[in-house]
Amino acid sequence: MSRTFLSLSADRCDPTTARYRIVLIPYEGTVCFLGGTARGPDAILDVSDQMEHFDEELLCDFTRFGIATFPPIPSADTPEQMFDRIYQTVRQESYFQQGKFPLFLGGEHSITPPIVRAAVECYGTVSVLQFDAHTDLRESFTGRKLSHASAMRRVLDVTPNLVQVGIRSFSEEEYQECPRQIEALITPRMLLQNQERCVATILDALTEPVYITVDIDVFDPVFAPGTGTPEPGGLDWFQVTEILRRVCEVKNVVGADIVEVAPLGGNNVVTEFLAARLAAKIIAYTGSGGGTISGAPCSSDLIVGKDRTTGGNTR
Ligand SMILES: [Mn+2]
(Lines give C-alpha, C1' and ligand atoms only; values in the text may rest on other atoms or scores of the structure.)
Protein backbone atom coordinates (compact mmCIF):
# COMPACT_ATOMS: atom_id res chain seq x y z
CA MET A 1 0.00 0.00 0.00
CA SER A 2 1.38 3.34 -1.06
CA ARG A 3 1.95 6.22 1.34
CA THR A 4 2.73 8.59 -1.49
CA PHE A 5 0.47 9.56 -4.36
CA LEU A 6 1.29 7.34 -7.37
CA SER A 7 4.24 5.71 -5.50
CA LEU A 8 6.61 7.96 -7.43
CA SER A 9 10.36 7.48 -7.52
CA ALA A 10 12.29 9.55 -4.95
CA ASP A 11 13.33 12.27 -7.41
CA ARG A 12 9.71 12.83 -8.47
CA CYS A 13 8.28 13.16 -4.95
CA ASP A 14 10.95 15.26 -3.23
CA PRO A 15 9.06 17.85 -1.15
CA THR A 16 11.80 20.46 -1.60
CA THR A 17 11.64 20.44 -5.39
CA ALA A 18 8.16 19.17 -6.30
CA ARG A 19 5.76 21.76 -7.68
CA TYR A 20 2.68 19.80 -6.62
CA ARG A 21 1.91 19.10 -2.97
CA ILE A 22 -0.59 16.45 -1.96
CA VAL A 23 -1.83 17.25 1.56
CA LEU A 24 -3.99 14.70 3.37
CA ILE A 25 -6.75 15.89 5.72
CA PRO A 26 -8.70 12.81 6.89
CA TYR A 27 -11.12 14.87 8.96
CA GLU A 28 -14.62 13.66 9.74
CA GLY A 29 -16.13 15.74 12.52
CA THR A 30 -19.56 17.03 11.55
CA VAL A 31 -20.88 14.36 9.21
CA CYS A 32 -24.64 13.95 9.62
CA PHE A 33 -25.52 10.86 7.59
CA LEU A 34 -23.24 8.15 6.20
CA GLY A 35 -19.70 8.36 7.60
CA GLY A 36 -16.39 7.23 6.21
CA THR A 37 -14.70 10.36 4.86
CA ALA A 38 -11.84 9.88 7.35
CA ARG A 39 -10.74 6.92 5.22
CA GLY A 40 -10.90 8.89 1.97
CA PRO A 41 -7.30 10.13 1.66
CA ASP A 42 -5.77 6.70 2.38
CA ALA A 43 -8.10 5.01 -0.09
CA ILE A 44 -7.19 7.54 -2.80
CA LEU A 45 -3.46 7.00 -2.21
CA ASP A 46 -3.90 3.21 -2.29
CA VAL A 47 -5.61 3.12 -5.69
CA SER A 48 -3.29 5.77 -7.16
CA ASP A 49 -0.69 2.97 -7.42
CA GLN A 50 -2.72 1.56 -10.28
CA MET A 51 -2.68 4.68 -12.41
CA GLU A 52 -0.51 5.56 -15.39
CA HIS A 53 1.69 8.63 -15.07
CA PHE A 54 0.95 9.64 -18.64
CA ASP A 55 -2.08 11.78 -19.42
CA GLU A 56 -4.02 10.18 -22.26
CA GLU A 57 -5.56 13.52 -23.32
CA LEU A 58 -2.59 15.91 -23.16
CA LEU A 59 -0.08 13.20 -24.11
CA CYS A 60 2.43 14.12 -21.44
CA ASP A 61 3.87 12.76 -18.20
CA PHE A 62 1.99 14.80 -15.60
CA THR A 63 4.47 13.86 -12.86
CA ARG A 64 7.34 15.71 -14.55
CA PHE A 65 7.15 18.74 -12.23
CA GLY A 66 7.20 16.52 -9.15
CA ILE A 67 4.36 15.54 -6.83
CA ALA A 68 5.21 15.32 -3.12
CA THR A 69 2.88 13.77 -0.55
CA PHE A 70 2.85 15.48 2.84
CA PRO A 71 1.93 13.93 6.20
CA PRO A 72 -1.75 14.09 7.19
CA ILE A 73 -3.06 17.02 9.20
CA PRO A 74 -4.32 15.20 12.32
CA SER A 75 -7.94 15.64 13.32
CA ALA A 76 -8.76 17.89 16.29
CA ASP A 77 -11.44 17.41 18.94
CA THR A 78 -13.80 20.19 17.85
CA PRO A 79 -14.66 21.83 14.50
CA GLU A 80 -13.31 25.15 15.83
CA GLN A 81 -9.96 23.59 16.76
CA MET A 82 -9.82 21.79 13.41
CA PHE A 83 -10.53 24.99 11.48
CA ASP A 84 -7.66 26.67 13.33
CA ARG A 85 -5.32 23.71 12.92
CA ILE A 86 -5.83 23.53 9.15
CA TYR A 87 -5.49 27.29 8.75
CA GLN A 88 -2.31 27.46 10.86
CA THR A 89 -0.75 24.39 9.21
CA VAL A 90 -1.38 25.66 5.68
CA ARG A 91 0.20 28.99 6.67
CA GLN A 92 3.16 27.59 8.60
CA GLU A 93 4.04 25.03 5.94
CA SER A 94 3.57 27.70 3.23
CA TYR A 95 1.51 25.27 1.18
CA PHE A 96 0.37 28.25 -0.87
CA GLN A 97 3.44 29.81 -2.35
CA GLN A 98 4.35 31.23 -5.74
CA GLY A 99 5.27 28.35 -8.02
CA LYS A 100 3.78 25.64 -5.79
CA PHE A 101 0.38 23.99 -6.12
CA PRO A 102 -1.25 22.34 -3.08
CA LEU A 103 -3.89 19.65 -3.66
CA PHE A 104 -5.73 18.75 -0.47
CA LEU A 105 -7.46 15.39 -0.11
CA GLY A 106 -10.32 15.22 2.43
CA GLY A 107 -12.02 14.49 4.58
CA GLU A 108 -15.30 16.31 4.83
CA HIS A 109 -16.05 19.60 3.13
CA SER A 110 -15.49 21.72 6.24
CA ILE A 111 -11.72 21.51 5.53
CA THR A 112 -12.16 24.00 2.66
CA PRO A 113 -12.88 27.33 4.46
CA PRO A 114 -9.63 27.44 6.49
CA ILE A 115 -7.66 26.53 3.35
CA VAL A 116 -9.33 29.33 1.38
CA ARG A 117 -8.68 31.75 4.23
CA ALA A 118 -4.97 30.92 4.05
CA ALA A 119 -5.03 31.26 0.26
CA VAL A 120 -6.65 34.70 0.47
CA GLU A 121 -3.95 35.75 2.91
CA CYS A 122 -1.24 34.56 0.54
CA TYR A 123 -2.63 35.96 -2.70
CA GLY A 124 -4.69 38.93 -1.45
CA THR A 125 -7.76 37.77 -3.31
CA VAL A 126 -8.98 34.37 -4.47
CA SER A 127 -12.10 33.24 -6.28
CA VAL A 128 -13.46 29.78 -5.54
CA LEU A 129 -14.85 27.35 -8.12
CA GLN A 130 -16.96 24.75 -6.33
CA PHE A 131 -18.13 21.47 -7.85
CA ASP A 132 -20.82 20.02 -5.60
CA ALA A 133 -24.33 18.59 -5.47
CA HIS A 134 -25.09 20.93 -2.56
CA THR A 135 -24.68 24.66 -2.07
CA ASP A 136 -23.42 24.29 1.55
CA LEU A 137 -24.60 27.86 2.21
CA ARG A 138 -26.37 27.39 5.54
CA GLU A 139 -25.39 29.95 8.16
CA SER A 140 -25.21 27.02 10.58
CA PHE A 141 -26.29 23.40 10.65
CA THR A 142 -27.31 21.44 13.75
CA GLY A 143 -26.10 24.43 15.76
CA ARG A 144 -22.65 24.47 14.15
CA LYS A 145 -21.30 27.32 12.04
CA LEU A 146 -18.37 25.13 10.95
CA SER A 147 -20.49 22.23 9.69
CA HIS A 148 -19.77 20.67 6.29
CA ALA A 149 -23.25 21.98 5.34
CA SER A 150 -22.02 25.55 6.02
CA ALA A 151 -18.66 25.18 4.27
CA MET A 152 -19.34 27.62 1.44
CA ARG A 153 -21.06 30.14 3.72
CA ARG A 154 -17.77 30.27 5.62
CA VAL A 155 -15.91 30.63 2.32
CA LEU A 156 -18.12 33.67 1.59
CA ASP A 157 -16.84 35.15 4.89
CA VAL A 158 -13.39 35.50 3.30
CA THR A 159 -14.10 35.97 -0.41
CA PRO A 160 -17.21 37.22 -2.22
CA ASN A 161 -16.33 35.40 -5.43
CA LEU A 162 -17.79 31.87 -5.32
CA VAL A 163 -18.89 30.06 -8.50
CA GLN A 164 -20.99 26.94 -7.85
CA VAL A 165 -21.32 24.15 -10.43
CA GLY A 166 -23.34 20.92 -10.48
CA ILE A 167 -25.67 21.99 -7.66
CA ARG A 168 -29.00 20.16 -7.43
CA SER A 169 -29.92 20.45 -3.78
CA PHE A 170 -30.41 23.47 -1.49
CA SER A 171 -32.82 24.69 1.15
CA GLU A 172 -35.35 27.51 1.16
CA GLU A 173 -33.31 29.14 3.94
CA GLU A 174 -30.24 29.23 1.70
CA TYR A 175 -32.28 30.66 -1.16
CA GLN A 176 -33.62 33.44 1.07
CA GLU A 177 -30.30 34.26 2.70
CA CYS A 178 -28.06 34.00 -0.38
CA PRO A 179 -30.35 34.77 -3.35
CA ARG A 180 -27.56 36.11 -5.56
CA GLN A 181 -25.54 32.89 -5.15
CA ILE A 182 -28.57 30.67 -5.81
CA GLU A 183 -29.62 32.61 -8.90
CA ALA A 184 -26.11 32.26 -10.34
CA LEU A 185 -25.83 28.48 -9.87
CA ILE A 186 -24.68 26.35 -12.80
CA THR A 187 -26.97 23.33 -12.47
CA PRO A 188 -26.62 19.92 -14.14
CA ARG A 189 -29.70 20.74 -16.23
CA MET A 190 -28.05 23.90 -17.56
CA LEU A 191 -24.91 21.93 -18.42
CA LEU A 192 -26.93 19.34 -20.31
CA GLN A 193 -28.70 22.06 -22.29
CA ASN A 194 -25.62 24.06 -23.25
CA GLN A 195 -22.28 23.23 -21.68
CA GLU A 196 -20.38 25.68 -23.88
CA ARG A 197 -22.46 28.61 -22.67
CA CYS A 198 -22.03 27.45 -19.06
CA VAL A 199 -18.24 27.30 -19.47
CA ALA A 200 -18.26 30.86 -20.83
CA THR A 201 -20.34 31.98 -17.84
CA ILE A 202 -17.97 30.25 -15.40
CA LEU A 203 -14.86 31.78 -17.02
CA ASP A 204 -16.49 35.19 -17.00
CA ALA A 205 -17.45 34.95 -13.32
CA LEU A 206 -14.07 33.79 -12.00
CA THR A 207 -11.57 36.44 -10.98
CA GLU A 208 -7.94 35.38 -10.54
CA PRO A 209 -6.33 33.57 -8.90
CA VAL A 210 -8.70 30.62 -8.66
CA TYR A 211 -9.00 27.91 -6.00
CA ILE A 212 -10.99 24.79 -6.95
CA THR A 213 -12.95 22.64 -4.50
CA VAL A 214 -14.49 19.38 -5.70
CA ASP A 215 -17.05 17.60 -3.53
CA ILE A 216 -17.05 14.14 -5.08
CA ASP A 217 -20.87 14.10 -4.84
CA VAL A 218 -20.97 16.49 -7.80
CA PHE A 219 -20.67 13.30 -9.85
CA ASP A 220 -23.74 11.18 -10.35
CA PRO A 221 -23.92 8.41 -7.70
CA VAL A 222 -23.52 5.93 -10.55
CA PHE A 223 -19.94 7.17 -10.97
CA ALA A 224 -19.18 8.03 -7.33
CA PRO A 225 -21.33 5.92 -5.00
CA GLY A 226 -18.91 6.20 -2.07
CA THR A 227 -19.99 9.48 -0.51
CA GLY A 228 -22.12 10.60 2.41
CA THR A 229 -25.09 12.13 0.61
CA PRO A 230 -25.39 10.78 -2.95
CA GLU A 231 -27.79 12.94 -4.95
CA PRO A 232 -29.33 11.77 -8.23
CA GLY A 233 -28.91 13.79 -11.40
CA GLY A 234 -25.17 14.40 -11.09
CA LEU A 235 -22.46 15.16 -13.60
CA ASP A 236 -20.33 12.69 -15.51
CA TRP A 237 -16.56 12.50 -16.01
CA PHE A 238 -16.56 14.41 -19.30
CA GLN A 239 -18.66 17.30 -18.03
CA VAL A 240 -16.44 17.85 -14.99
CA THR A 241 -13.09 17.36 -16.72
CA GLU A 242 -14.07 19.57 -19.66
CA ILE A 243 -14.86 22.47 -17.30
CA LEU A 244 -11.68 21.85 -15.31
CA ARG A 245 -9.56 21.78 -18.46
CA ARG A 246 -11.02 25.02 -19.80
CA VAL A 247 -10.64 26.82 -16.47
CA CYS A 248 -7.04 25.61 -16.04
CA GLU A 249 -6.21 26.65 -19.61
CA VAL A 250 -7.13 30.29 -19.17
CA LYS A 251 -7.12 31.02 -15.43
CA ASN A 252 -4.35 31.09 -12.86
CA VAL A 253 -5.40 28.17 -10.65
CA VAL A 254 -3.34 28.11 -7.44
CA GLY A 255 -4.68 25.15 -5.50
CA ALA A 256 -7.49 22.62 -5.17
CA ASP A 257 -9.15 20.09 -2.91
CA ILE A 258 -11.14 16.90 -3.41
CA VAL A 259 -13.45 16.10 -0.50
CA GLU A 260 -16.22 13.82 0.77
CA VAL A 261 -14.85 10.54 -0.58
CA ALA A 262 -16.23 7.85 1.76
CA PRO A 263 -14.88 4.49 0.53
CA LEU A 264 -17.48 1.73 0.34
CA GLY A 265 -14.93 -0.91 1.25
CA GLY A 266 -14.55 -4.40 -0.14
CA ASN A 267 -13.80 -4.51 -3.84
CA ASN A 268 -15.73 -1.36 -4.73
CA VAL A 269 -12.99 1.21 -5.28
CA VAL A 270 -14.86 3.13 -7.98
CA THR A 271 -15.18 6.39 -6.02
CA GLU A 272 -11.59 6.58 -4.78
CA PHE A 273 -10.32 5.66 -8.24
CA LEU A 274 -12.39 8.47 -9.73
CA ALA A 275 -10.97 10.87 -7.13
CA ALA A 276 -7.38 9.76 -7.80
CA ARG A 277 -7.83 10.22 -11.54
CA LEU A 278 -9.42 13.60 -10.95
CA ALA A 279 -6.41 14.67 -8.87
CA ALA A 280 -4.18 13.56 -11.74
CA LYS A 281 -6.29 15.55 -14.20
CA ILE A 282 -6.06 18.72 -12.10
CA ILE A 283 -2.27 18.28 -12.02
CA ALA A 284 -2.09 17.61 -15.76
CA TYR A 285 -4.34 20.52 -16.70
CA THR A 286 -2.63 23.07 -14.45
CA GLY A 287 0.78 21.85 -15.63
CA SER A 288 -0.02 22.50 -19.26
CA GLY A 289 -2.51 25.34 -19.27
CA GLY A 290 -2.28 29.02 -18.53
CA GLY A 291 -1.53 30.47 -15.17
CA THR A 292 1.61 31.89 -13.67
CA ILE A 293 3.16 28.60 -12.59
CA SER A 294 6.04 28.37 -15.01
CA GLY A 295 7.59 25.32 -16.58
CA ALA A 296 7.76 23.66 -19.94
CA PRO A 297 4.16 23.10 -20.95
CA CYS A 298 2.94 20.31 -23.12
CA SER A 299 2.23 21.65 -26.56
CA SER A 300 -1.36 22.82 -26.53
CA ASP A 301 -1.63 21.37 -30.04
CA LEU A 302 -1.46 17.99 -28.40
CA ILE A 303 -4.61 18.55 -26.41
CA VAL A 304 -6.89 16.06 -28.06
CA GLY A 305 -10.20 17.61 -28.92
CA LYS A 306 -9.04 21.13 -28.08
CA ASP A 307 -10.84 22.55 -31.07
CA ARG A 308 -13.93 20.48 -30.86
CA THR A 309 -17.12 22.42 -30.49
CA THR A 310 -18.99 21.34 -27.45
CA GLY A 311 -22.47 22.64 -27.88
CA GLY A 312 -24.64 20.71 -25.50
CA ASN A 313 -23.31 17.88 -23.42
CA THR A 314 -20.08 16.13 -24.34
CA ARG A 315 -21.29 12.58 -24.24
MN1 LIG B 1 -21.99 17.98 -1.34
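This is a predicted model: local features need pLDDT of at least 70, side-chain atom pairs count only at pLDDT 80 or more; totals for chains, interfaces and linings use all residues.
Colleague: What is the bridge partner of F131 in β7?

Modeller: β6 also pairs with strand β7 (residues 162–165), again in the parallel sense, and here the pairing runs over four bridges. Within β7, the bridge partner of F131 is V165.

Colleague: Why is β6 described as largely enclosed by the rest of the structure?

Modeller: S127, L129 and F131 point one way from β6, whereas V128 and Q130 point the other way, and all are buried. Strand β6 covers residues 127–131, and it is largely enclosed by the rest of the structure because the number of its five residues that are buried is five.

Colleague: Turning to the helices, at roughly what angle do the axes of α2 and α3 cross?

Modeller: Two packed helices are described by the angle between their axes and the distance between the axes. For α2 (residues 79–92) and α3 (residues 112–123), the axes come within 8 Å, and the crossing is right-handed. The angle at which these axes cross is roughly 35°.

Colleague: How many charged residues does the contact of α2 with α3 have?

Modeller: On the α2 side the contact is made by F83, I86, Y87, V90 and R91, and on the α3 side by P113, P114, I115, R117, A118 and E121. By class, this contact of α2 with α3 has eight nonpolar residues and no polar ones, and its charged residues number three.

Colleague: What covers the buried residues of α1?

Modeller: Helix α1 (residues 40–48) has as its buried residues G40, P41, A43, I44, L45 and S48. The elements that cover these buried residues include β1 (20–25), β5 (101–106) and α10 (270–288).

Colleague: For the chain as a whole, what percentage of the 315 residues is buried?

Modeller: The chain has 10 helices and nine strands, and, among its contacts between residues at least 6 apart in sequence, 78% join residues at least 24 apart. Of the 315 residues in the chain, the buried ones make up 49%.

How values were computed: Residues are numbered from 1 along each chain as its sequence is written. Axes are lines fitted to C-alpha atoms, for helices over the stretch in contact, and angles run from 0 to 180 degrees between N-to-C directions. Helices (H or I, at least four residues) and strands (E, at least two) are DSSP runs, numbered from the N terminus. A crossing is left-handed if the near helix is turned anticlockwise from the far one by less than a right angle, and right-handed if clockwise. Two residues are in contact if their C-beta atoms, placed from the backbone, lie within 7 Å. Ala, Val, Leu, Ile, Met, Phe, Trp, Tyr, Cys and Pro count as nonpolar, Asp, Glu, Lys and Arg as charged, and the others, Gly among them, as polar. A residue is buried if 20 or more other C-beta atoms lie within 10 Å of its own, exposed if 12 or fewer, and partly exposed in between; C-beta atoms are placed from the backbone. Two strands pair if DSSP finds at least two bridges between them.
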